Amino acid sequence: MDNRFRKINRLLSEYSLGNFNKKLRISSRMDEVDAFIMGVNMLGEELKDKTISRDYFNNIFNSVSDMVFVLDKQGKIENMNVSVTNNLEYDLPSLKGKVISYLLDKSQPDWFNHILQDMRASRTSNYEGVFKTKNKNNIPVLISASFLIGENNTKGGVLLTAKDISIQKKTQNMVLKAIIETEEKERIRFAKDIHDSIGQQLSAIKFYIGASADAVEDPRQKSILLKANAALVDVQADMRNICFNIMPKSLEFFGLVKAVEELSSKNELLGRIDITINEAPDFPRMSLQQEFALFRIIQEFINNALKHSKADALGIEFKYRKKMAMISLRDNGIGFNMSTLRNHGMGLSNVRSRIRPYNGEVDIISQPGKGTRYEISIPMDNNE
Ligand SMILES: Nc1ncnc2c1ncn2[C@@H]1O[C@H](COP(=O)(O)OP(=O)(O)OP(=O)(O)O)[C@@H](O)[C@H]1O
Ligand SMILES: [Mg+2]
């Protein structure tokens, strides 16, 4: 047998092992076998080029610090870079074939479809989300996605990158916290000023008017002075309410639940609404700042219920589950549609930003005709 066939055989087995550098020399015969050898050599060149570009791609793929996923059209993970393992502690075999939303901290079955829809509408598809690591730690991420364009310009799978934004989030939260705390401090000062200066002076005026009413003989004058006195009592009560709304003293001394009870009783006394409060015995005390944040949210909830809902009953529930302080707020009013809400007030967006610095969350759930619910949760560990 022609010795060259044996050589070709050996060369092909080298190629199959990924060694594409070898080539066979063409003999002086220049016959069909040599033509075949030329073909095999060309195959080697081509395979070498492909391998170089594959290695080049793999190098980039694995050296970027962002997590990169190659997904199929259903969002199933086909491949991922080293950064995913570094960040989320999963290796490829344990994630291969799983749908990408498996990594989200909360179950959102439609999540990948939303991404696809956004990409089809060629909107920039950037999302903030939270990935859960194998050891159940949360990592906030900025996700962007694009179609992988295959041969003939067809859309293949999806390339999804996720950037760890924990540091940015932490800084954002610190800034937010500082702003809110400064604002609360300013409110405390303001309430104290009103209470101490105007409050004192009102008491003095009331005393003088009372004394004059006692002293005058003329019944008409007496009745006017008594009316003035009664009006002053109302002013004092209003002032106390205003001070309480700006800065509830009971919050500092007796905690969130007592302050909410006081806030509720003021609204109930005004005959406006029936408020039921339930507190689980293990509902925890928190830092003053956290309790302030929660108080402001409950205050906004009650104000919104009074202003918009036409409800006649509110329920406020304080619970403690799995190291989370949870507060449910409900009204039985007309409800509203979150997605078609045009004239957003400050209220609802403030509600979210108040709790964010403490890694808490507020779900606002409302439907026309079905009332409104806020579900608040705030973790009791690792939240500074
Ligand atoms: N409990 C509720 N029942 C019915 N509609 C509500 C309720 N809470 C809010 N809304 C609707 O949502 C809108 C936005 O509420 P949001 O608290 O953000 O603003 P606002 O109360 O109008 O103004 P602000 O809070 O800034 O004083 C309201 O204008 C109202 O239409
Ligand atoms: Mg409001």
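1. Glu 183, Glu 184, Arg 296 and Arg 354 are joined in a network of salt bridges. A salt bridge here is a side-chain nitrogen of Lys or Arg within 4 Å of a carboxyl oxygen of Asp or Glu. By this rule the count comes to 18 salt bridges.

2. On conventions: this is a predicted model, where local features need pLDDT of at least 70 and side-chain atom pairs count only at pLDDT 80 or more, while totals for chains, interfaces and linings use all residues. Residues are numbered from 1 along each chain as its sequence is written, chains are lettered from A and ligands numbered from 1 in the order in which they are written, and side-chain values use heavy atoms, with hydrogens and water left out.

3. Glu 183 sits in helix H6 (residues 166–215) and Arg 354 in helix H11 (residues 346–355), so the pair ties together parts that are 171 residues apart in sequence. Helices (H or I, at least four residues) and strands (E, at least two) are DSSP runs, numbered from the N terminus. Arg 354 counts as buried because its relative accessibility is 10%. Glu 183 is partly exposed at 34%. The cut-offs: buried is under 20% relative accessible area, exposed over 50%, partly exposed in between (1.4 Å probe, protein chains only).

4. Arg 285 and Glu 291 also meet in a salt bridge, at 2.9 Å, N to O. Arg 285 is exposed, with 52% relative accessible area. Glu 291 is buried, at 1%.

5. Lys 22 and Glu 14 form a salt bridge at 3.5 Å, N to O. Lys 22 is partly exposed at 44% relative accessibility. Glu 14 is partly exposed too, with a relative accessible area of 23%.

6. Glu 300 and Asn 304 are 4 residues apart in helix H10 (residues 288–309), so about one helical turn separates them. Asn 304 counts as buried, at 15% relative accessibility.

7. Arg 6, Lys 7, Arg 10 and Arg 25 gather in a surface patch of positive charge. Patches are made of residues with over 30% relative accessible area and no salt bridge; like charges are joined within 9 Å, nonpolar side chains (Val, Leu, Ile, Met, Phe, Trp, Tyr) within 5 Å. Arg 25 is in the loop between helix H1 (3–16) and helix H2 (32–63). Arg 25 counts as exposed because its relative accessibility is 78%.

8. Ile 26, Met 30 and Met 38 form a nonpolar surface patch, with about 280 Å² of accessible area together. Areas come from the Shrake-Rupley method with a 1.4 Å probe; for residues, only the protein chains shown count as cover. Met 30 lies in the loop between H1 and H2. Met 30 is exposed, at 59%.

9. Check two backbone angles. Met 30 has a positive phi of about 50 degrees although it is not a glycine. Lys 136, not a glycine either, has a positive phi of about 65 degrees. Lys 136 is in the loop between strand S3 (126–132) and strand S4 (138–149), and is exposed at 61% relative accessibility.

Key
Lys, Arg positive; Asp, Glu negative; His and termini not counted. Charge placed at Lys NZ, Arg CZ, Asp CG, Glu CD.
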